[in-house]
Structure formats: C-alpha cells, structure tokens
Amino acid sequence: MRIGHPRRLRALPIGLVALLASCTTPESRVVVGPRGSQPDIRVGLAVGVPQVVIGGGSALVVLGADTAVRAEVPAGASLTVVERGGGLGVSGALSTFLPAGEPLTVDAIGADGYVRVGGKDYRGRVSVFSARGGLTVVNRLGLENYLAGVVAAEMGRRDSSEIQALYAQAVISRTYALRNRGRWNALGFDFYATVADQVYGGVSAERSIGWQAVNGTAGLAVTWQGQPIDGFFFSTCGGKTANGTEVFANADRPYLVGIDDVDENGVAYCRISPRFEWHAEWSVEALRDILRESVPASLGASISSHAVIQSVEVAERSRSDRVARLKLTIDGRDLVVNGPDVRQVLRPSRGELLRSNVFTLSQNRNAGRVVRLVAEGRGAGHGVGFCQWGAVGRARAGQSYRQILAAYFPDTDLERIY
C-alpha cells in the first residue's frame, strides 16, 4: 500500500531525546511520502438479516454489475429487499427479482446525496446480496469518509480542548483500517460496523471536529519497519496498559509494550473516564447461570444446573496487574481460566463482557460454597495499545497527537501512506 520509498528518519538516543525534548513525552518520528489515492473500504452494515429497507432520503440510482445505471429511485421513495430462493426480491419504488448471485447496488444522485439504509444515511455506495440464508448489506466508500463516521462514534462528543485526542484516534483508526483491510473477505466486506472492528455510524455519527481530525491527518498512519502497525485501541486502561501477549497470543510486537499511563503526579490520564472504576456482583444463582453458559463455550467443560460453586479466585496477575489466571472450583473440580478468556467467562450479565481484567474479588461463602461474589475493578477494554480516555486526558494536559501516539506505540513512525 505504500507509495514510493521515503527516507526514514534515524531515531535519536533516548537520553539525548530527554535532553532536547520540551516535555517528558517524545513525539512520533514523521516520515513523509508522496501523496496517492486513498483506498476504498467495504463496511458490513448487516449480516444475515431477513430484509432491508433502502431509500427514503436522497434520490438514488440502481447500478448494474458494470456500474451502468439501470433504474432511478425518486427522493423520498424506498425499496424493500428480501431474500428469495437465493436471489433478491425487490419491492416498493422498484419491483423486480434479481437472480441468485446478483447484488442490488445503489448510489446517491448528486454530490450531496446519501444512501439511506434502515433510516440511517451513508456516504458512498450500498450493495445488498444474498448470503448464508439472509441478506448482507455492504457500504463501500473512501477510507477518509469512513473515518469521519468512525472517529466521533469511537470517541464520543469532544470539545476543542481535546482535539489532539481526536487527531490521534483518526490516525490509529486509519492505521487499523490499512493493516486489516480484507479481514472479512469471506463475508464480502472488510470490516464490521461494530466493536468487532471499529464502530462506524455513517453520516449521523459525523461531527465537524471529527472531520477536522480526519482532514488534519489525511493519509497518516503509525508504522513500524515501513508497515502499518497492529493498532489496538480500547476505552480505559485504569492507569496501566498491557503488553500485547497478556491479551493476544500472537501480539508479540516491540511496540505493544505496557506503560504506566500516569502524569508527573502519578495520576492516571484516564481518571476522567466514567469507566475508570466499576463494581459488579453476582448472587449464587446469577453466577451459576452465567458460568453454565460461558464455561462450556470457553473451556469446554459442562456445569450442571445444581452445581456447587465452591470458590472463585485470582490465581495469577500479569505485569500490568491484570488477572492472568482465574481459578474456579466447582463440584470439586478446579477450572483455570486464562487471561484472554476471563472477561468472557466472568460476565456481569448475558451478552456483556466484564469491563476489564483489572479487578479484585471478594466472596461470601456459606457451608463451603459461594453465595455472593463481588468484583471491584478499573478500566474498560483489553488494555493493549491506545487508551482512548487516556488520550483525552493527555490532550487536556497539552500533549500533541504525535506525543500521544508515541506514548502508546513507542519506537514507531508516523508515515504518510497516501
């Protein structure tokens, strides 16, 4: 994806950097390459849905496989698409049947138009095709337009004093996209529009300050040895980020190293996060129900509906004080949960992960069994790489986006990819 072979800047020795720098956080080295064209990104808006409604806003055109215009849909009119025998049945402003394998592709008429899907507007084109017994909906658009719908969705509403955090998020989201493009090729797109990849909200998620961050960093990515890095990011670290291998088995990267994410007074930059501290508790009935569902999925062991939970204990902690091993004693069996699975197994409720691996446990026991379990924790997310609330705290403290990125991804470069 790189264009040309720009000269890389030699890093100064750390001691010399400390003498020359005006603050304790070094800035990312910048490598400037020639400008090129941004790639297109395919976002999976929906997978396996029974029907989808397109339109109701701007006037649209329906495109054939050769991108020639096949039909027009007036402004305000809509199409309802369903799966029918492996093909697509279309009703509403356009009534037709598309044979198996032929997608429906629509685009807006005019530069200011959007494609509306399920009541939400999107830039670029939208395609619908039949797959896996339902419909897959894909939004195809330029990477920079995609980022405009990601930055605010990921970072929430921020003000001008925090703009450098948005700049940093724009760069790391671009880096993630460049590194992982094609991740879900088998499904017909690059990324989900959810936390499975990056949260993407389309036009409704865009903010002027987010556009400022995207435009102000256009084409820039964090690189290591000339390639976009594994740009992991998450909500709140709780004061310490994690080494890559604490969470992801194959994340042994020199730039994925845990740091103490605190200011000169020892205060965590992410202390301002509403998720900095949290509390969760389970009655014995709630704990048994959660473990009956989560333990078989993660450990392959079954738990009966009358199981006696004798103990839930932290067996080992990692360098960053995260729970590296959790020991469950159930019906006389010891089950060990390794760090990456802890948040999956010890869920606060169905469908929700435990906030983080940074927690302590206390248990009330009666007659050799747990009757109540309490977790007191800090942070939210996996803890590897870029702490979003930490970035906000750093921006408020006057750090630039280059300093923020250098703090979370040491010994990397900031490079213009296109």
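Predicted model: local features only at pLDDT ≥ 70, side-chain atom pairs only at ≥ 80, totals over all residues.

Biologist: What makes Tyr 146 and Tyr 200 an aromatic pair, and why is the pair called tilted?

Modeller: Their centres are 5.3 Å apart, and the cut-off is within 6.5 Å, so they pair. The planes are at 45°; stacked needs under 30 degrees and edge-to-face over 60, so this one is tilted.

Biologist: How do you know that the pair links distant parts of the chain?

Modeller: Tyr 146 belongs to helix H2, whereas Tyr 200 is in the loop between strand S14 and helix H4, 54 residues apart.

Biologist: Why is Tyr 146 called buried, and why Tyr 200?

Modeller: Buried means under 20% relative accessible area. Tyr 146 has 0%, so it counts as buried, and Tyr 200 has 5%, so the label holds there as well.

Biologist: Why is the pair of Tyr 167 and Tyr 401 tilted?

Modeller: The planes are at 40°, with the ring centres 5.4 Å apart, so tilted it is. This pair also links distant parts of the chain: Tyr 167 sits in helix H3 and Tyr 401 in helix H9, 234 residues apart.

Biologist: Are these two buried or exposed?

Modeller: Buried: Tyr 167 has a relative accessible area of 13% and Tyr 401 has 9%, against a cut-off of under 20%.

Biologist: Which residues do ring pairs link into a cluster?

Modeller: Tyr 122, Tyr 146, Tyr 176, Phe 191, Tyr 200 and Phe 233.

How values were computed. Residues numbered from 1 in each chain as written. Heavy atoms only, no water. Phe/Tyr/Trp six-rings, centres within 6.5 Å; stacked < 30°, edge-to-face > 60°. Helix = DSSP H or I, 4+ residues; strand = E, 2+ residues; numbered from the N terminus. Buried < 20%, exposed > 50% of the residue type's maximum accessible area, 1.4 Å probe, protein only.
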